[in-house]
Amino acid sequence: DMCHHIASGLNWMTSSPKGTDGVEVKMARVVWVDLENGTRLMKRRMKAFSHALNVNIPRGQFLAFSMPDPWLDLSKPENIPAMIDRIKALGDIGVLVIDHLAQVFGAIDENSPLASQVMGAIRIISETCNVGIVLIHHAKKGQGKDGGMIEDQLRGSGAILAGVDAAFLVERDQIDKNQVTIKPVAVRGPDAPNISAQFSYEQDDNLDLTSARFWRIAYRSISARAHDAIIQALQEKGKLNHTALRTEAKRIDQSLSDANIREGIATLEGTLEIIFIKADKGAKIYELAGDSDEDE
């Protein structure tokens, strides 16, 4: 979706078809090196996103190469000048996408310090060809969701994160599976905003994509969503002890962890948006500020 917008020069992640509130794009030719999906799937996806954008992209403006032969193995130094020659032979290219990064490591383990050699090769290609390189990489499975630094979710050696100018975590919402959030992890230069988007698509009888696009929606942080769920729970139930309040907040927004909700309760308690009375054995009974009989 992003690459189709770059190829056409249209603002990306607008909130409507004619919206101007998206990310400003500088028009450029794009090359996608597909090392994972294969020709058929790649063509279907390209057509689906092109169909949704409904704009005539000039031929050659967005090129895709699936399962190239020879393979793109950047662990071998001799392949670096070969890749540079292949890019230059295509003419003026603005963006090169590698999908996905682990596939170009060759014999090098992505967790090894030698990962810096591959990242260095990518930097050489970028600088020599004056091309922006987008690397698609994967996060660790089941780690870092409820604690730790967001950058710790990145799979592989720390040299991978150190070798890029910007890294973004793309997460799917646990409740609305068609909603994603793009969060900057590390950015050299001006800060990048968090972006939330809704995936809009159509499928044929075989469930293959026929039209696909992302639309920008309002971003709500985890803490804000926790506050909303806690307040809604008290609006619906009136008074709740700490355990019951956490249970109700979780029911309202299942994407929240217990740690998210506990932190939200503490914050709202500190700002006096919710208040409590002491019950037996030091238990707290919560209600919204202004709802208690004593306040009346």
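Contact here means that heavy atoms lie within 4.5 Å, while helices (H or I, at least four residues) and strands (E, at least two) are DSSP runs numbered from the N terminus. This is a predicted model, in which local features need pLDDT of at least 70, side-chain atom pairs count only at pLDDT 80 or more, and totals for chains, interfaces and linings use all residues. Residues are numbered from 1 along each chain as its sequence is written, and side-chain values use heavy atoms, with hydrogens and water left out.

What covers the buried residues of H7 includes H6, strand E9 (240-241), H8 and E11. A residue counts as buried under 20% relative accessible area, as exposed over 50%, and as partly exposed in between (1.4 Å probe, protein chains only).

| Helix | Buried residues |
|---|---|
| H7 | Leu-245, Arg-246, Glu-248, Ala-249 |
| H8 | Asn-260, Ile-261, Gly-264, Ile-265, Leu-268 |

The buried residues of H8 fall within an arc of 135° when seen down its axis, so they line one face of the helix; the arc is that of the directions from the helix axis to the C-beta atoms. On the other side of H8, Glu-263 and Gly-270 are exposed. The cover over the buried residues of H8 includes helix H6 (222-237), helix H7 (242-252), strand E10 (274-278) and strand E11 (284-288).

After H8 comes Leu-272, whose phi is positive, near 65°.
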